[in-house]
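Hi everyone, thanks for making time for this one. I'd like to walk you through a structure I've been looking at, so let me put it up on the screen.

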Amino acid sequence: MNITVRIWRQHDRAAAGRMVSYGVDGISPDMSFLEMLDVLNDQLTAVGDDPVAFDHDCREGICGMCSLVINGIAHGPEALTTTCQLYMRHFNDGDTIDVEPWRSQAFPILRDLVVDRSAMDRIIQAGGYISAPTGSAPDAAATLVPKKDADRAFDAAVCIGCGACIAACPNGSGMLFTGAKANHLGVLPQGQTERHERALAMVNQHDAEGFGGCTQIGECTAVCPVGIPLDMISFLNADVLSALPRKQD
Amino acid sequence: MEQLFTVGEPIQDAKAPAGPLQDQWEARRFGAKLINPANRRKLSVIMVGTGLAGASAAATLGEAGYHVKSFCYQDSPRRAHSIAAQGGINAAKNYRNDGDSIRRLFYDTVKGGDYRSRESNVYRLAEVSSSIIDQCVAQGVPFARDYGGLLDTRSFGGVQVSRTFYARGQTGQQLLLGAYQALERQVNAGTVEVNTRHEMLELIVINGKARGVVVRDLVSGTLETHLADAVVLATGGYSNVYYLSTNAMGCNTSATWRAHRKGALFANPCFTQIHPTCIPVSGEHQSKLTLMSESLRNDGRIWVPVKAGDTRAPGDIPAAERDYYLERQYPAFGNLVPRDVASRAAKNQCDSGHGVGPGGRGVYLDLADAIARLGRDAIEEKYGNLLDMYQKITDEDPYRVPMRIYPAVHYTMGGLWVDYDLESSIPGLFVIGEANYSDHGANRLGASALMQGLADGYFILPNTINDYLAKNPVAAADSSHPEAVKALDTVRGRLERFLSINGSRTVDSFHKELGAIVWEYCGMERNAEGLEHAVGLIRALKEEFWTDVKVTGVNEELNQTLERAGRVGDFFELAELMCIDALHRAESCGSHFRTESQTDDGEALRDDAEFAYVAAWEFTGEDSPPRLRKENLEYHNVELAQRSYK
Ligand SMILES: Cc1cc2nc3c(=O)[nH]c(=O)nc-3n(C[C@H](O)[C@H](O)[C@H](O)COP(=O)(O)OP(=O)(O)OC[C@H]3O[C@@H](n4cnc5c(N)ncnc54)[C@H](O)[C@@H]3O)c2cc1C
Ligand code: SF4
Ligand code: FES
């Protein structure tokens, strides 16, 4: 296949950026999207141009590092798929493909397609944990967890922290990511004690980082590579509401 | 050929207390000096790596009150490669009452490692395994549960009990998130400072003690020196020396290699694990290989067509014309033989023309019987995400068509040598997780790496490093110290050299070529002639690399090509040492299969009289041969036997 990619190039945080077109030839349908970019980068290096910077690491859909907006959609056209798990067989010979970074107020661009997502870590720092001391804990079998709760926690815990939900949201809201963490810990017996304060602390940090509010549009869940559902946000909101009156007294 | 190595004085672990195995860890903890909480605040520890080992250790040391500076090359600590582990984590809980015990886990690990690991360390690992599960559950790790709400387990290759705890096919992710959250909790508490997108490029040693690191800020290119009272490396394995492996693209040896060059012994570098169940290579462009967790071997049956060169679709091959070769050759363990055995068996089938798929480098892993027995839903519940991943990559439906698998490089048992305290041969430099060589001997059992990483980080290091810190007060030093300045200059000089070569070949093209050499001659099978040849090839290619590589851009920017060049430069040196190590070890053991040393029926043949030792290598200079320091292994609690899984 021969294709054209139009890619966002920007030297650093402060520089202006623009879309630049490149032709990439001899692409096999079995290549991943990132391997196609590897080919492009070899091509650029050969002529002494700077290769395109993009984030990636595991290349198997689990680390959450890859982060491209492809033809206007975070992680590209395939549902439930990260950028690194997208294969060229989903494109056609002669296609022109637009490739842009995650765009969001809270994600400054560092170079080309690489953005700074550290705000998401700070949401976890604010409360996204169970305060279990390290080094000593009761026997694991002492806490029974009903299978349905364990499964529900797991379904939330699979969030890979990629930030696609935020990149896709017209409000730049991080509520799906935050809601997933609130659910993961909030449905487990171990997570009950801090449940409401945890939700409130994370949401406060979320707002402080400049993420927008949620107006239930649903773009987030549509692009989420692991299918985190929208009702995680309702759970989060309910927990925050429960925390509020207690804060006032 | 000129002399490839010299032999120096033997070494020994001096930290494991004498006495019965089951009392050693208790005795060591009691013997270790403690530091009072008020004084811990004045002590700082550098922790390079935020995988299971590094995150758990940083969180625990932070909670104990030390000041911890943590580093990782990704943009978040949560993305360390531990996140990708799929299958599970072992623990001798014996919840199933199937005869498991600390002793059995210890025994299985020593045997699985083909008797090339230290008894004291392995016993301790088995001993703390249960506490890991407790710790993780308390943190909210959503392990699989049965309908009664109890923890579920499954069995893994190389053992006959069910002791593997799991969280669907994402066990590593869930464990790492637990450790990451504990780490972020400490960041919030102000005890741990996390530096993401920072890569360690040099170790700083002052008066013989590890005191700091030189790191490059990967966004701005700024070189920084950080000093502390002790340094811990938790930087993972070096499988990427093969270019194609199941590791993440950024996994590297730079941190461990730079420490090696500064005096840390590198142990058993040739012990690299080839995992039997990965998706086969599909073409030239391939950038990495994807693992299909071996837990699939619990339910999947491995077979090839009886007739060599059979090109019929798998569904058209009747049962009588399928060779379930593992079940046939190893009736006792069947599809659950250890990884090295399963990998070599697959290679042999393909070498003799029975391989399937493009290029004939693949065997079938067939879930049909399990789906018929348990139903599609049960299989989806257990392996859903793996099977989806398989389908995305291959465009084939594993619920209907048998999966094609082939071995790929996956894990490195070798690593920096450490004693019982997990301290390297440089005082004050501790090494934990996959980066050390400690517990898995010549072959690691499935689900034991996660166990080791968390054992090291939550339980072992935090109980040994205090002894070092209490006994080794050091004078404060800052980045103006001559050793720090020298280390920084070394790094700067090397980066400048890369940028000035301006040759004609890409970094990746060298990495691919290097990987192909190592895979061919130091992969699933090795022999003296091939290894000697490989050393020559590696040296020639390294020479070309340093004269013809092309690294664009400058240092003072986000420059991913420059990052890769540094990693590949270190892989060249490591690759040579791996081949020398493999060459000197003329026996077969575990993952290290020397064609010259096999039993009549083609199994690995150990030579305990000659080789019952850890090969720890000392760096003696860029152009001078490495020096072999042997740590003799003594077994008082297990009897050395020829492994048999028949
Ligand atoms: C696909 C896959 C599946 C696996 N499945 C299982 C399983 O089911 N069960 C099991 O027991 N084991 C499994 N393993 C093995 C296990 O995952 C690893 O051995 C283990 O997670 C390693 O943990 P670690 O903390 O030592 O290193 P890692 O998790 O690799 O972390 C390394 C850390 O070091 C940092 N780092 C590295 N180099 C530098 C540098 N130069 N400067 C700064 N930072 C650096 C990285 O940023 C990272 O934070 C699997 C491995 C793979 C690849
Ligand atoms: S909720 Fe989905 S899209 Fe958002 S960070 Fe998590 S995995 Fe990514
Ligand atoms: S590179 Fe890890 S999820 Fe895509």
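Let's begin at ligand 1, where one of its nitrogen atoms sits 2.7 Å from a polar backbone atom of B:M200. Please keep in mind that this is a predicted model, so the distances I quote come from predicted coordinates. A nitrogen atom of the ligand also lies 2.9 Å from a polar backbone atom of B:G88, and an oxygen atom of ligand 1 is 3.1 Å from a polar backbone atom of B:Y73. How much of the ligand's accessible area does the protein cover? On its own, ligand 1 has 1,000 Å² of accessible area, and the protein covers 97% of that. The surroundings comprise 38 residues, and the closest are B:Q74, B:S82, B:G87, B:M200 and B:E434.

Now let's step back to chain B. The assignment divides chain B into domain 1, running over 6–271 plus 413–471, domain 2 at 275–409, and domain 3 at 484–611. For domains 1 and 2 of chain B, the C-alpha centres are 32 Å apart. Their contact draws on 24 residues from domain 1 of chain B and 29 residues from domain 2 of chain B.

Between those two domains of chain B, about 2,200 Å² is buried, with carbon and sulfur atoms giving 54% of it. On the domain 1 side, B:Q86, B:L244 and B:T246 supply 28% of the area buried against domain 2 of chain B, more than any other three residues. And what does the side of domain 1 that touches domain 2 consist of? In chain B, that side divides into seven nonpolar, 14 polar and three charged residues.

Last stop: chain B against chain A. Here the contact takes 73 residues from chain B and 76 residues from chain A. The buried area is about 6,200 Å², and carbon and sulfur atoms give 51% of that. Within the area that chain B buries against chain A, B:R79, B:R145 and B:K392 supply 11%, more than any other three residues.

How many salt bridges does the rule find across the interface of chain B and chain A? There are eight. Between chain B and chain A, the count of residue pairs in polar contact is 46.

Definitions and conventions:
Residues numbered from 1 in each chain as written. Chains lettered and ligands numbered in written order. Predicted model: local features only at pLDDT ≥ 70, side-chain atom pairs only at ≥ 80, totals over all residues. Heavy atoms only, no water. Domains from an automatic or database assignment. Contact = heavy atoms within 4.5 Å. Buried area = accessible area lost by both parts, 1.4 Å probe. Nonpolar A, V, L, I, M, F, W, Y, C, P; charged D, E, K, R; others polar. Near = heavy atom within 4 Å. Polar contact = N/O pair within 3.5 Å; in protein donor to acceptor, adjacent residues only side chain to side chain. Areas by Shrake-Rupley, 256 points an atom, 1.4 Å probe, with all protein chains shown as cover. Salt bridge = Lys/Arg side-chain N within 4 Å of Asp/Glu carboxyl O.
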